[in-house]
Amino acid sequence: MARLEIENADFAGLGANANADILFEMGLACATGRDGATDLVAAHKWFNIAAIKGSARAGALRAEIAETMSKAELARALRDAREWMTRH
């Protein structure tokens, strides 16, 4: 069973067993502001992780969002994804 932690008003880390569909949904929630304000950095992070875990749809949305982000935002999203993957 996945463990949910809340960190920095983010969806935060599900464990290593999180599947691509859950991670994709987390990206959608951040991208659309479903649970508050939109957060494209967090959306890119979750789409990136979902894409790594095999979601083609996440990869496509990650690329679309990346086109609207600054270099600093993109760097932060990539760093956050890398940190999440390292922890889990």
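Predicted model: local features only at pLDDT ≥ 70, side-chain atom pairs only at ≥ 80, totals over all residues.
Ser55 lies in the loop between α2 and α3 (56-66), where helices are DSSP runs of H or I with at least four residues, numbered from the N terminus. With a relative accessible area of 12%, Ser55 is buried, a term that means under 20% relative accessible area, with exposed meaning over 50% and partly exposed in between (1.4 Å probe, protein chains only).

A search of the whole structure finds two aromatic pairs; rings of Phe, Tyr and Trp (its six-membered ring) pair if their centres lie within 6.5 Å, and planes under 30 degrees apart count as stacked, over 60 as edge-to-face and the rest as tilted. The ring centres of Phe24 and Phe47 are 5.5 Å apart and the planes stand at 45°, so this pair is tilted. Phe24 belongs to helix α1 (residues 20-32) and Phe47 to helix α2 (residues 40-52), so that the pair links distant parts of the chain, 23 residues apart. Phe24 counts as buried at 5% relative accessibility, and Phe47 counts as buried at 1%.

For Trp46 and Trp84, the ring centres are 5.7 Å apart and the planes are at 80°, so the pair is edge-to-face. Because Trp46 lies in helix α2 and Trp84 in helix α4 (residues 71-87), this pair ties together parts that are 38 residues apart in sequence. Both Trp46 and Trp84 are buried.

Residues are numbered from 1 along each chain as its sequence is written, and side-chain values use heavy atoms, with hydrogens and water left out. Local features need pLDDT of at least 70 and side-chain atom pairs count only at pLDDT 80 or more, whereas totals for chains, interfaces and linings use all residues.

Definitions and conventions:
Helix = DSSP H or I, 4+ residues; strand = E, 2+ residues; numbered from the N terminus.
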